[in-house]
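Biologist: I would like a close look at one part of this model, namely its aromatic side chains. Please take me through them in one connected answer.

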Amino acid sequence: LLALARAEAARAAGAGGNPIFHTLLLQKPYDSPHLSLRMRQPDLWESLATRHEQRDPTKGCIDPTQIGAARDVCEITLRLPGGPRTLEMFAYLSHLVNPDTLWDPEADSSLPIYEGGTWTGTLLWDSAVHATEWLLAAPETRDRLRGKSALELGCGLGLPGLACHALGASPVLLTDRPPIAALVAEGLAHAGLADAGVRAYSFEWDDAGAAAVLAEFGGRPPDFILACDCIFAPLFGDSFLLLRMLDALAGPHTTAIVALERRAGDGAERFFEEAIAAGFAVSAPRVECGAVVCVELTRTVANSTT
């Protein structure tokens, strides 16, 4: 919990603020020793930052029939031990727009796109980037992943899960709400990964959904579970549905990699207190960067009920 306190102090002091997210939103490159990222878009469209600010992903689309053919793209380069690997994943909200009924961002019908956090899954956030950098940087983590199964919860663009796959994990299941899972599936096909041991999967967080996910792994718990920015009480509820899903999905040999960026009122301290009470051990921080913290959770007792 000391790492959470340090991250909260950084957030309160203004050291958080999603610097990587905003760099990408401005379509500037983000480069580190392990990873390069850049958002690209069609030339005729208004900038991604403008469209995001005005809540109108179609702004500047002179011909609305472009939607679906012209896309926002996140270009990802993973710097792997055997050399760099570059792929593109579709991003932002243009995939949710029907060109035959171009939606009005001021109409009530547009609200579900922005309510409930769906739009957040169409962009890259700092915690996912830092968790991915740690996966790519740590030789022992690379060795642990090779030949292992991995599940990403609330995957968004699926960056950490894609890194696990690139490091040898298989099968890898990238899961999110139906619109985001569909976007990820399109991105995987575009990147030539549709039949490569990594797959998008629509997963609503409930007991039936968890049972279906386990069935996708042959009835066995995955070796690794990844979850980035899935702890935020105002959005996900203060009953910590993530903990309930970890309890349902993690086996005695599962490692859960949980990353978050501190946000006001996120309830993170209580989440980890409840995780410990539910029989999970919490590691020392694997990542501490400003307001971002990444830890590992493993079971200390047999399957318990949260």
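Are F240 and F271 buried or exposed?

Modeller: In this predicted model, both F240 and F271 are buried. A search of the whole structure finds 3 aromatic pairs, and I will begin with the one formed by F21 and W125, whose ring centres are 4.0 Å apart and whose planes meet at 15 degrees, so the pair is stacked, the cut-off for that label being under 30 degrees. Because F21 belongs to helix 2 (residues 19-25) while W125 lies in the loop between helix 4 (111-114) and helix 5 (126-137), this contact ties together parts that are 104 residues apart in sequence. F21 has a relative accessibility of 4% and therefore counts as buried, and W125, with a relative accessible area of 16%, is buried as well.

To return to the residues you asked about, F240 and F271 form an aromatic pair of the edge-to-face kind, with 5.5 Å from centre to centre and 80 degrees between the planes. This pair also links distant parts of the chain, since F240 sits in the loop between helix 10 (233-236) and helix 11 (241-249), whereas F271 is in helix 12 (residues 268-277), the two being 31 residues apart.

Note on methods
Residues are numbered from 1 along each chain as its sequence is written. This is a predicted model: local features need pLDDT of at least 70, side-chain atom pairs count only at pLDDT 80 or more; totals for chains, interfaces and linings use all residues. Side-chain values use heavy atoms; hydrogens and water are left out. Rings of Phe, Tyr and Trp (its six-membered ring) pair if their centres lie within 6.5 Å; planes under 30 degrees apart count as stacked, over 60 as edge-to-face and the rest as tilted. Helices (H or I, at least four residues) and strands (E, at least two) are DSSP runs, numbered from the N terminus. Buried means under 20% relative accessible area, exposed over 50%, partly exposed in between (1.4 Å probe, protein chains only).
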